[in-house]
Amino acid sequence: MRLLGVGMCAAALLVATAVAPAQADSGEAPGLRGVGWAVKDTGQEGVDAVRFRGLAAVSRGTAWLAGSKGRVLRTGDGGRSWRDVSPPAAVAEGLELRDIEAFDGRRAVALSIGEGEASRVLRTDDGGATWTEAFRNTDPRAFYDCLTFFDSRHGLAVSDPVDGKFRLLATDDGGRSWRVLPDAGMPPALPGEAGFAASGQCLTASGPRDVWLATGGGPTARVLHSADRGLTWRVADSTVPGGDPARGVFALAFRDRTTGLAVGGDYRTGLPSPRAAARSADGGRGWTQAETPPPAYRSGAAWYPYGHGTALAVGPTGTDVTTDGGRTWRALDAGSFDTVGCAADGGCWAAGEKGRVARLERR
């Protein structure tokens, strides 16, 4: 969404052990007793530093970051050290990298946002030593927001509506080449409706074929679902408020093809964001408002793999956790983050403004 374009869109804490599975008691989820964000020194901190809205959590040890000024960082040692693997052309042009998807410590695909040719897809196979431009948008009406992968070969990227419908790119070779999908199965967009390029999570996949798209900016904040990798779509209204260009669903997280979370609100500083979270138990066909939602706008969400109903939500005013599948949320941390991700081994990472990056660890 253009509203979150270029304008909108600390020493490390020493913690001895990483988050690991634990036995649950007293109703608390495994692995989240006594944990918090341990901030990592990336060398990018400061008032004029990079803002990382793109994050790929590969494992407890490996993570990728993508941000403003064309910056990409990678760690392979749990955040103790970071390598600047930024694509030189992206740095030279100051591209806004808002999403990154990584398959391991060597292979990653990054998305830059913006009108026309500012929207690009870049790919690396050697840990960021070299990058290849896999796609450059030439349609001035298109503005790409997010990308997602079903597996190491099949993925999608989404643009704000063109000719009244969201536009999708598809790849079946790991991001090396992309093609525009036909839009015959895409429902018409509402007036003013778009996606938010806030955390790389407006488009999310689960399993080999299911994908969901979050919207805002229109009269209703909606969630679209496809069960055939983006060829046909079903649309549902969320309970997150819309009705304003700054409001809507900013991020989706699906634990499997049926159980999902939606978070968002109003991203403008100081404005209230009631009903900032919702949950679905039927693959996004219906959405239920959280009984106790996060207290403010949240831009990112991720399921924690060791707790069946445990997930994290982040935003500029803090991090919240749910242990009951999104029914109720409680505060975990007051620090500012834009995006969050958890790997299968329980490694959870968060990133945001002023170069701020952290890993979830035991205190």
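Cysteine 146 and cysteine 202 are joined by a disulfide, with an S to S distance of 2.1 Å, a disulfide being a pair of cysteine sulfur atoms within 2.5 Å. The structure is a predicted model, in which local features need pLDDT of at least 70 and side-chain atom pairs count only at pLDDT 80 or more, while totals for chains, interfaces and linings use all residues. Residues are numbered from 1 along each chain as its sequence is written, and side-chain values use heavy atoms, with hydrogens and water left out.

Because the torsion about the S-S bond of cysteine 146 and cysteine 202 is about 130°, this disulfide is right-handed. Cysteine 146 lies in strand β10 and cysteine 202 in the loop between β13 (179-180) and β14, so the pair ties together parts that are 56 residues apart in sequence; strands are DSSP runs of E with at least two residues, numbered from the N terminus.

Cysteine 348 is buried, with a relative accessible area of 0%. With the bonded cysteines of the chain numbered in sequence order, the pairing is 1-2, 3-4.

Notes: Helices (H or I, at least four residues) and strands (E, at least two) are DSSP runs, numbered from the N terminus. Buried means under 20% relative accessible area, exposed over 50%, partly exposed in between (1.4 Å probe, protein chains only).
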